[in-house]
Amino acid sequence: MSLTDAPPPPPHPPGSLHALRARYGPRYRWRLLLSVMIGAMAALVSSTVVNVAIPDLSHHFHLGQDQAQWVTSGFMAASVVAMLTTPWMLARFGFRRTYVLCMAVLVAGGVVGGLADHYALVLAARLAEGVAAGIVQPIPAVIILRAFEPHEQGRASGLFGMGVVLAPALGPSVGGVLVQALGWRSIFFLVVPFGLLSWWLARRYVPVTAPGGVPAQPGLPLDVGGLGLASAATLALLLGLAGLHGGPPAQTTALLAAAVALLAAFVAWQRRRARLGAPPPLMHLGVFTHRAFAAGSVVSLIYGAALFGSTYLFPVYLQLGLGLPAAYVGTLLLPAGLVLALTIAVVGRLADRQPAHRLVSVGLALLTASFAAFGLVGLDTPLPVLVLLAVLGRVGLGFVLPSLNLGAMRGLPAAALAQGSSAINVLRMLGGAAGVSVCGVFLEWRLRAHGATLDAASAVLTEARLAAFAETFGLLTAVCALALVSARALAPQR
């Protein structure tokens with residue numbers, strides 16, 4: 001048979017990335033990005049906006065602060081554990097079915113939570129939302145690396161990052177208005193329109209295939225043992241970190257020790273399954289053998305601690321350290337949030353032309369400088385200077401956010417992208433949980449050392465209080481500097 005008589009290549013399976021690209025044309029990839037971006041925005045809105053409703057929720061159900069806080073803590077724990085199942089979900093059900101299912105659960109959780117008459121039902125709805133949000137969060141990074149050419153991936157990451165940053169930035173403001181006008185139940189319904197829109201878009205534009213473009217495997221078993229160990233380790237860690245804030249020392253120590261032991265058992269379990277050739281483990285530890293990914297994972301862990309730790313520290317510092325009214329705090333942080341969204345969009349374009357490690361390093365350097373400068377602020381510092389320092393830190397975040405995932409994951413095989421995205425998101429969340437607790441404990445320690453207090457009713461602001469805050473910002477400065485050193489390993493080997 002001559003070459004001219006060779007049969008044509010088989011068509012791509014219906015619903016695959018190639019088939020959808022052929023059907024919708026060159027603009028398809030941007031429709032796909034919009035689909036997953038709106039879903040991610042729905043997940044982020046559901047995670048942050050409920051915080052403004054906690055006081056009203058507590059009053060309605062007669063809850064103590066420790067009980068009410070589980071609306072947030074339970075969501076976070078469910079999200080972290082669910083992220084580990086994302087690769088399995090994608091391999092078994094494919095991208096489209098996974099995304100559509102998660103959006104359906106997110107919408108159902110919002111409706112049930114908004115209609116619930118018992119706190120147990122509210123908490124169950126929040127846990128369901130946490131699971132859906134956790135599974136969804138690693139998916140966009142995989143989509144961007146698969147659907148876009150290398151020279152477009154930075155721009156796509158920038159546009160995606162701008163959208164998902166604006167959602168949590170504006171969510172609490174919108175939520176506050178809703179709670180004031182319609183009550184706490186309206187907060188749960190806020191996620192419904194986002195979830196429904198993303199559900200409709202996903203049914204049209206998200207491919208049906210699994211990572212790597214292969215068909216989904218309906219019979220693929222879940223690593224139940226690994227999931228159990230990961231769940232227990234995460235719960236022990238979060239409870240142990242929460243116990244650092246004045247909990248019984250013996251219980252806190254036992255929980256943290258149990259978390260370390262369970263993590264070691266999880267790693268050993270994953271290695272054993274890989275060695276025996278058992279059905280896929282929950283996490284393929286082989287992704288950490290890639291130098292850039294391993295470095296990116298370390299940066300993500302440290303960066304998460306600095307990011308979430310500073311998010312906790314800033315409002316406390318501005319109100320109880322500098323004595324600013326709550327209205328001033330919102331005014332100070334709003335320009336920084338808008339600048340962050342704009343920076344992400346600009347840096348996304350730069351990421352298509354500049355090495356990722358260089359952009360990450362610039363961002364971490366700016367973030368380090370911002371923390372160091374806040375440690376030098378005094379009571380007589382003008383408000384515009386505080387705004388500029390907050391903007392400087394957010395510009396740093398804008399350099400890191402669209403660049404870190406690209407720098408860490410570009411070298412991974414296509415079939416390992418879901419594993420990599422899941423792992424790096426889990427590490428950032430765990431780093432964030434640790435950062436909030438460590439910042440709180442460190443601040444309390446330094447306040448006691450200086451003989452100061454955060455009691456809002458105390459007579460006057462003291463230099464001792466500011467010294468404690470300055471030392472806590474010094475801790476964040478050191479953490480960011482450590483991440484800056486680790487970021488050098490993101491550079492390609494020569």
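Glu129 and Arg126 are joined by a salt bridge, with their closest N and O atoms 3.1 Å apart. The model described here is a predicted one. Glu129 and Arg126 are three residues apart in helix α7, so about one helical turn separates them. An α-helix has 3.6 residues a turn, so residues three or four places apart point the same way. Glu129 is buried, because its relative accessible area of 2% is under the 20% limit. Arg126 is buried as well, with a relative accessible area of 1%.

Helix α7, where Arg126 lies, covers residues 119-136. Setting aside neighbours within four places in sequence, Arg126 is in contact with Ser46, Ser47, Val50, Val71, Phe75 and Phe188.

## Salt bridges across the sequence

The count of salt bridges in this model comes to five. Side chains of opposite charge can pair when their charged atoms come close.

One of the salt bridges joins Glu152 to Arg29, and here the closest N and O atoms are 2.7 Å apart. Glu152 belongs to helix α9 (residues 150-182) and Arg29 to helix α2 (residues 28-48), so the pair ties together parts that are 123 residues apart in sequence. How much relative accessible area does Glu152 have? The value is 14%, and Glu152 is therefore buried. Arg29 is also buried, at 19%.

Another salt bridge is formed by the side chains of Arg185 and Asp117, at 3.3 Å from N to O. This pair links distant parts of the chain, with Arg185 in helix α10 (residues 185-189) and Asp117 in the loop between α6 and α7, 68 residues apart. Is Asp117 buried or exposed? Asp117 counts as exposed, because its relative accessibility of 56% is over the 50% limit. Arg185 is partly exposed, with a relative accessible area of 23%.

The buried residues of α8 are Ile139, Pro140, Ala141, Val142, Ile143, Ile144, Leu145 and Ala147.

One of these residues, Ile139, is also a contact of Thr86. Thr86 is found in helix α6, which runs over residues 86-115. Which residues touch Thr86, leaving aside its neighbours within four places in sequence? They are Gly134, Ile135, Pro138 and Ile139. Thr86 is buried, with a relative accessible area of 1%.

## Aromatic rings

The model has 13 aromatic pairs. One of them is formed by Tyr24 and Tyr28, whose ring centres are 6.1 Å apart and whose planes make an angle of 15 degrees. The Tyr24 and Tyr28 pair counts as stacked, because its angle is under 30 degrees. Both residues of the pair are buried: Tyr24 has a relative accessible area of 16%, and Tyr28 has one of 1%.

Elsewhere, ring pairs link Tyr317, Phe371, Phe374, Phe469 and Phe473 into a cluster. A charged residue is placed over a ring at Trp445: Arg446 lies over the face of this residue, at 4.5 Å from the ring centre.

## A nonpolar surface patch

Trp70, Leu235 and Leu239 make up a nonpolar patch on the surface. Together, these residues have about 240 Å² of accessible area.

Trp70 is found in helix α5, which covers residues 70-83. Is Trp70 buried or partly exposed? Trp70 counts as partly exposed, because its relative accessibility of 34% falls between the 20% and 50% limits.

Where is Ala416 placed? Ala416 is in the loop between α17 (383-409) and α18 (417-449).

Ala416 and Val287 are 129 residues apart in sequence. In space, the C-alpha atoms of Ala416 and Val287 are 7.2 Å apart.

How values were computed. Residues numbered from 1 in each chain as written. Predicted model: local features only at pLDDT ≥ 70, side-chain atom pairs only at ≥ 80, totals over all residues. Heavy atoms only, no water. Phe/Tyr/Trp six-rings, centres within 6.5 Å; stacked < 30°, edge-to-face > 60°. Buried < 20%, exposed > 50% of the residue type's maximum accessible area, 1.4 Å probe, protein only. Lys NZ or Arg CZ within 6 Å of the ring centre and 35° of its normal. Patch = residues over 30% accessible without salt bridge, like charges linked within 9 Å, V, L, I, M, F, W, Y side chains within 5 Å. Areas by Shrake-Rupley, 256 points an atom, 1.4 Å probe, with all protein chains shown as cover. Salt bridge = Lys/Arg side-chain N within 4 Å of Asp/Glu carboxyl O. Helix = DSSP H or I, 4+ residues; strand = E, 2+ residues; numbered from the N terminus. Contact = heavy atoms within 4.5 Å.
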